[in-house]
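Please read this briefing alongside the sequence and the structure.

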Amino acid sequence: MEHRTVTNIVVLICYLLLMVAFAAWLGKRAKIKTGTDFVLAGQSLPAWVLAGTLLTTFVGSGSIIGGASFVFQNGPLAGIFFFLGTLLGALTLGFLAQKIRRKSFHTVPQLLRTRFGRNTGTIGTLIVLVAFMGIAATQFTGAGYIFSLITPLSQTQGAVVAVLLITFLALAGGLKSVAWTDFLSAIIIIVGLVAAVGFVFVQDIGGFGSYVDRLDPALSTLTGPLTPLQILGYFLPLFLLCLGDQNMHQRLSAAKSPKTAQRAALLFFLGGLTMIIPIILLASSATIVNPGSEPDMAVLGLAAGGFTPELVGAVILVTALALIVTTGSSYLLTCSGNIVYDLIFRDRARREASAPGRQVLTARLAVIGIAICAYILVQFFPTLLDLQMYAYTMYGAAVTPAVLAALFWKRVSAAGAAASMITGGIVTVLWEVFGEGVNSVVVAFPVAVAALVLISLATKPAPALEDSTAAEREASTV
């Protein structure tokens, strides 16, 4: 299916020029002197900008393509349960945000290493890098696909353009550049989705009453064709990832103050509603107006000329691209933080022996290196992308319990945290290979939590964390 019209190409070029120009301008204005400036924007982000980058980072291709596919196959009410993981995760972060900001860690493994020791931090680093590099690779693939739909480029050529664009946005000014371009993209995305819903419902369906009447009865039940346990298997990965995602923690740590972080998390929840509701309505509308669509094209397929006018179709496609680009740049940037703070400059002596500018240079080189590795993964190991079907579970079950315990449970031990991560990861892999019936998170998460609690109660608690600014954290021994 191709949509290579002049309107689509013009809208695409306008969006690309706007993003590149805005990022370049921010890069010149940003005062990037230390790793904290690059990774945490110097802890200077206001609530609205922070909310925009939280929103566009978490609601990416997994929503506009994967989530839309789920709704198309299982119905809008089941889709609510699918996306409820994101919304409840955002709401829960609102209650955790002030403490996350007060602790001010650059990365999740740095948090784990500070509370539990080097070995536990190393386990966390490996899980984060493997999972996030794969997620970045899927963003390249998704963006390349959209480029191939609306330009003469092939998917491979489109992926190359996506790599260059996403990498540039991450390099320009670190998190400050990414956050502000994310905020601008969030406005474009929300306006585009709402406009698309309005046109499809008024012109193609004939109003909400007609939508309800014409919806397939099989897709109108509370859980669609799925059992409650299967629905839980789709809810938990997004919920757990939201609570423990390094991107979420970094952005909350980048807030001007703890109260700013809390306001941003609550705005993230409200913004999530304005994005997720249109995606559910558009994907379920596709079952009525375009029932022969491939599930992963449920929303993108509405951009075809027979369902929307050219301008609305162009907005849908560019909106999807904006979601993917913002997510991709965020994952590249957060992985660079792991390279700087969890590998190369992990020890205080190394940090003190190196000029702050060297940390910034290393972070920028890490962004380029990670982007290249992710692109190679797409080109030469395409079957590995199937692993991303449960990458969220790998992170949510293996990392999130240890992260939350490190922040909020005084009795947790290093042995319990390590056992939880190892057990969660192993059970996820084994269930994906040998299990069936429900998603692996339904099994892996309770096993990981049980290992965390039981072993922690049987061993010596880890020392409590102290509040600290990011600059103080950067100068401390970890």
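Is cysteine 335 buried or exposed? Cysteine 335 is buried, its relative accessible area being 0%, where buried means under 20% relative accessible area, exposed over 50% and partly exposed in between, with a 1.4 Å probe and protein chains only. The model is a predicted one, in which local features need pLDDT of at least 70 and side-chain atom pairs count only at pLDDT 80 or more, while totals for chains, interfaces and linings use all residues. Residues are numbered from 1 along each chain as its sequence is written, and side-chain values use heavy atoms, with hydrogens and water left out.

**Cysteines**
- Cysteine 14 has 49% relative accessibility and counts as partly exposed.
- The whole structure contains 0 disulfides, a disulfide being a pair of cysteine sulfur atoms within 2.5 Å.

**Charge pairing**
- The count is 1 salt bridge, defined as a side-chain nitrogen of Lys or Arg within 4 Å of a carboxyl oxygen of Asp or Glu.
- Arginine 113 pairs with aspartate 342, and their closest N and O atoms are 3.1 Å apart.
- This pair links distant parts of the chain, 229 residues apart, with arginine 113 in helix H6 (residues 108–116) and aspartate 342 in helix H13 (residues 310–344); helices (H or I, at least four residues) are DSSP runs, numbered from the N terminus.
- Arginine 113 is buried at 5% relative accessible area, and aspartate 342 is buried at 1%.

**Helix packing**
- Helix H7 (residues 118–150) packs with H13 at an angle of about 155 degrees, their axes lying 9 Å apart; axes are lines fitted to C-alpha atoms over the stretch in contact, and angles run from 0 to 180 degrees between N-to-C directions.

Key. Helix = DSSP H or I, 4+ residues; strand = E, 2+ residues; numbered from the N terminus.
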